[in-house]
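Subject: Handing over the structure, with notes

Dear colleague,

I am passing this structure on to you, and I would be grateful if you could read the notes below with it open beside you.

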There are 2 protein chains.
Amino acid sequence: MEIQQDEENTPSVEQLTEVLETNSAERLDEFLRSLSSSEKAHILTELPAERQLEVLNTLESEDAAHLVESISEAQAVEIISNLEISDAAELFNELESNEQTDLLARLDPEHAEEILSEMDFEEASDARERLEYPAHSAGGLMITELLSYPETLTVEEVVRDLRTRIDDFSDHAVQYVFIASHNEHLLGVLRLRDLVLKPLATPVRNIMISDPLSVSVDTTLSELEDIFDGNKFLGVPVVDQSQRLVGVVRRADMEEALGERSDSAYLKASGILGGEELRSMPVLQRSRRRLSWLSVNILLNVMAASVIALHQETLEAVIALAVFLPIISDMSGCSGAQAIAVSIRELTLGTVRVDELLRVWSKEAMVGVINGVVLGCIIGLVAWAWKGNIYLGMVLGVALAVNTLIAVSVGGLLPLILKRLDRDPALASGPILTTMTDMCGFFIVLTLANSFLSLLV
Amino acid sequence: MEIQQDEENTPSVEQLTEVLETNSAERLDEFLRSLSSSEKAHILTELPAERQLEVLNTLESEDAAHLVESISEAQAVEIISNLEISDAAELFNELESNEQTDLLARLDPEHAEEILSEMDFEEASDARERLEYPAHSAGGLMITELLSYPETLTVEEVVRDLRTRIDDFSDHAVQYVFIASHNEHLLGVLRLRDLVLKPLATPVRNIMISDPLSVSVDTTLSELEDIFDGNKFLGVPVVDQSQRLVGVVRRADMEEALGERSDSAYLKASGILGGEELRSMPVLQRSRRRLSWLSVNILLNVMAASVIALHQETLEAVIALAVFLPIISDMSGCSGAQAIAVSIRELTLGTVRVDELLRVWSKEAMVGVINGVVLGCIIGLVAWAWKGNIYLGMVLGVALAVNTLIAVSVGGLLPLILKRLDRDPALASGPILTTMTDMCGFFIVLTLANSFLSLLV
């Protein structure tokens with residue numbers, strides 16, 4: 001069965017509605033499983049909220065869980081928020097452990113608590129335990145579905161037991177079998193391939209990898225990335241503070257979390273805060289979230305523009321300057337944004353540390369001087385050509401050149417400084433940068449112009 | 001062995017240099033393996049180019065390959081560019097197939113060709129074949145190290161052969177064993193767990209998953225994401241145009257590619273083109289790449305500012321307007337950037353299609369009206385309070401409100417239109433948006449001001 005994209009024959013809401021009306025859980029599941037995950041995402045977006053609920057309620061809870069796992073978390077949370085608590089609890093019972101934790105963490109805490117209190121006791125208490133860990137730590141990323149055996153068994157005994165239990169585990173979950181002591185301390189790891197290749201009578205103690213690599217529950221995402229980059233393992237066992245084996249972080253889940261981190265950096269840098277925004281969310285919520293960012297920005301902008309207000313006489317004398325102020329502001333913002341992006345990227349890759357301000361600055365300054373001179377010449381020539389006044393060109397050219405140097409310096413260093421202060425560089429760098437470069441840019445243009453006023457008018 | 005971060009005891013360049021001077025490949029490898037991948041990244045960045053070469057040349061090529069695989073591709077390419085062709089070829093022989101292809105694709109094509117011509121004949125011809133596929137397609141992402149057997153074998157025969165071959169395969173590579181016909185057509189998939197659990201005499205034909213899911217070499221990353229989201233497989237087999245089994249795309253590699261796509265969207269939206277920039281790259285190269293973006297932007301900015309130039313008399317009459325023009329420009333840019341980010345994200349998630357312009361516009365327009373009114377009131381009140389002229393406040397408030405609506409409309413629709421035209425929305429949306437919103441913003445402010453000129457002066 002080769003997967004084919006069939007552009008012309010995209011499934012429609014009508015088709016889904018038809019299937020829904022047969023009221024057959026099986027037919028509905030079959031229809032949904034025939035869709036790709038983006039088709040599902042799209043068809044659910046188009047569906048009114050009450051129809052979305054009907055879909056989840058018609059499906060067996062296991063199949064509903066499958067549906068929820070295959071769409072984005074932002075969308076899943078949106079749909080689940082509308083479910084009856086008891087239906088939501090049933091669905092959560094069926095979710096894979098890390099998906100369960102991710103979604104509960106994204107729900108309104110009160111709502112999550114209500115769902116937890118109606119879930120199976122054991123599922124709920126496991127979930128509560130995982131919810132204690134930050135989402136992007138080993139504890140938050142791990143799955144707790146794992147197979148562990150005492151070291152006294154033979155390959156044959158393990159294989160015999162595996163036969164009865166393995167159906168509960170997806171391919172994605174079973175890669176390793178763990179060997180643990182009676183107090184649940186991790187003693188070793190058996191790879192599935194070793195179970196295949198060794199004689200049945202071998203004691204597992206002889207073929208396990210002893211003293212295996214493990215991480216603690218509070219290992220950060222960046223540390224996990226480091227660990228997976230350095231080896232080829234599919235997963236790493238996780239132990240809690242008392243060294244008990246509690247879960248496994250899988251490579252694919254770590255990679256997925258890295259992708260989420262990048263997406264979130266991009267969204268935050270673009271001024272989308274508080275998680276993803278989907279256009280199916282209520283207008284007021286979308287508007288409020290966006291305004292929280294915009295209202296900070298407008299105040300910063302007013303602050304920066306007050307520099308212009310202080311130099312109104314200069315502006316009045318050389319009105320042409322007003323044409324160039326927005327250009328100076330925007331171009332410095334662009335140069336600074338490039339430096340910010342490179343710093344954030346280098347921090348992520350580990351090629352720069354938060355205390356290497358001097359190295360970063362010297363590297364940025366070189367680029368800043370070259371780009372400043374080039375951009376300064378362009379703007380200078382434009383101004384000269386337009387007004388026929390070479391001094392106007394020189395004032396603007398020098399101002400943009402100097403401000404470009406300032407912009408790349410600020411842009412390069414800000415993420416390091418913010419990170420050091422434990423602030424989120426992706427979020428705060430942009431607005432701080434533009435405020436500073438606007439103020440400096442306006443100040444330089446207008447002060448220079450004032451000094452050479454007689455040559456400009 | 002639990003991984004511990006030891007902040008105070010970070011390995012230094014001096015330590016590495018000391019180890020290097022012993023000239024022992026083994027000790028050097030041991031030292032490097034004791035570092036996390038970000039420590040490696042950082043220590044290599046600090047090392048002068050000739051020392052970096054010394055490291056690679058001292059290591060056995062297998063260990064050098066391990067080092068290269070554990071750092072970022074951008075940094076790896078930078079280091080490899082300085083290697084002798086023959087040393088580079090030896091290193092490439094040892095790389096995992098998908099890493100080989102990724103790095104060759106990022107090198108200068110002539111340089112890549114030279115390396116290929118010195119590599120082992122078989123490795124090189126496989127690599128050439130893979131290089132034909134786009135990097136983010138199934139063909140570009142797959143590994144070609146796979147285990148395949150004819151369907152006539154029994155479990156025992158497969159296990160016996162596995163025993164001799166499996167050492168060449170890392171954990172990360174072996175998850176499935178494939179069953180193929182004599183002309184290499186994919187017939188079935190055997191999961192490692194089935195080999196563990198079934199009696200040895202069973203013919204593999206009876207336990208394989210027949211007619212398994214497969215993808216063609218030109219399946220796109222988004223299609224792969226769809227496929228993996230919909231199931232729990234660790235990997236999906238890849239077949240070429242003539243239906244021959246040629247490789248496997250692993251879930252973790254797909255997730256990694258998604259992360260790269262997000263990173264690249266963030267970098268492009270920030271004006272970093274032509275791949276990642278590392279500060280260790282030559283200044284002129286960094287400067288040239290950044291300027292390619294800035295020089296387009298400055299021309300667009302001049303174009304937008306020409307709208308101001310056309311209304312100089314109005315500006316001369318009400319000089320206070322000059323203070324607000326950069327604010328109007330920046331705030332509209334911010335509102336538009338939010339809408340762009342949401343559209344790009346929704347396109348990625350599949351919750352919106354490129355032809356749903358009307359739906360996106362209506363959703364954006366609602367937010368635009370609310371945010372426009374709020375921002376307009378703020379700026380209007382600031383202007384009124386400052387100049388004591390309510391009409392000035394009204395002109396600016398109305399202008400910002402209308403321009404916010406324009407900005408979110410343009411920002412929401414641009415990514416859809418660009419994607420439809422097969423352009424990269426992350427790259428082009430920003431500059432097009434700010435040019436349009438600047439022109440509209442300046443035009444609205446100055447035309448409105450001109451109409452009510454007698455009330456403003």
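Predicted model: local features only at pLDDT ≥ 70, side-chain atom pairs only at ≥ 80, totals over all residues.

Residues are numbered from 1 along each chain as its sequence is written, chains are lettered from A and ligands numbered from 1 in the order in which they are written, and side-chain values use heavy atoms, with hydrogens and water left out.

**Helix pairs**

Two packed helices are described by the angle between their axes and the distance between the axes. In chain A, helix H17 (residues 283-309) and helix H22 (residues 425-451) have axes that come within 8 Å and cross at roughly 15 degrees; helices here are DSSP runs of H or I with at least four residues, strands are runs of E with at least two, and both are numbered from the N terminus. The axes are lines fitted to C-alpha atoms, for helices over the stretch in contact, and the angles run from 0 to 180 degrees between N-to-C directions. The crossing angle therefore makes H17(A) roughly parallel to H22(A), given that angles under 35 degrees count as roughly parallel, over 145 as roughly antiparallel, 65 to 115 as roughly perpendicular and the rest as oblique. H17(A) passes H22(A) in a right-handed crossing, a term used if the near helix is turned clockwise from the far one by less than a right angle, with anticlockwise giving left-handed.

Contact means heavy atoms within 4.5 Å, and on the H17(A) side the residues that meet H22(A) include Trp293(A), Asn297(A), Leu300(A) and Met303(A), while those on the H22(A) side include Asp438(A), Met439(A), Phe442(A) and Phe443(A). By class, the contact of H17(A) with H22(A) has 13 nonpolar, 3 polar and 1 charged residues, where Ala, Val, Leu, Ile, Met, Phe, Trp, Tyr, Cys and Pro count as nonpolar, Asp, Glu, Lys and Arg as charged, and the others, Gly among them, as polar.

A second pair joins the two chains: the axes of helix H19 (residues 320-349) of chain A and helix H16 (residues 251-269) of chain B come within 9 Å and cross at roughly 155 degrees, which means that H19(A) is roughly antiparallel to H16(B). Ile340(A), Ala341(A), Ile344(A) and Arg345(A) of H19(A) make this contact with Asp263(B), Tyr266(B) and Leu267(B) of H16(B), and by class it has 5 nonpolar, no polar and 2 charged residues.

**Covered helices in chain A**

In helix H2 (residues 25-33) of chain A, the buried residues are Ala25(A), Leu28(A), Asp29(A), Phe31(A) and Leu32(A); buried means under 20% relative accessible area, exposed over 50%, and partly exposed in between (1.4 Å probe, protein chains only). Seen down the axis of H2(A), these residues fall within an arc of 160 degrees, so they line one face of the helix, the arc being that of the directions from the helix axis to the C-beta atoms. Glu26(A) and Glu30(A), on the other side of H2(A), are exposed. Among the elements that cover the buried residues of H2(A) is helix H5 (61-70) of chain A, in which 8 of 10 residues are buried, including His66(A) and Glu69(A).

**Single residues**

Ser335(A) is found in helix H19 of chain A and counts as buried at 1% relative accessibility. Its contacts, not counting residues up to four places away in sequence, are Leu375(A), Thr404(A), Ala407(A), Val408(A) and Leu294(B). Ser329(A) also lies in helix H19 of chain A and counts as buried at 10% relative accessibility; with that same exclusion of residues up to four places away, Ser329(A) touches Asp438(A) and Phe442(A).

Phe178(A), in strand E2 (residues 176-180) of chain A, counts as buried at 2% relative accessibility. Phe178(A) and Pro237(A) are 59 residues apart in sequence and 8.5 Å apart in space, C-alpha to C-alpha.

**Loops in chain B**

Asn23(B), in the loop between helix H1 (13-21) and helix H2 (25-33) of chain B, has a phi near 60 degrees, a positive value in a residue other than glycine, and counts as exposed at 59% relative accessibility.

With best wishes
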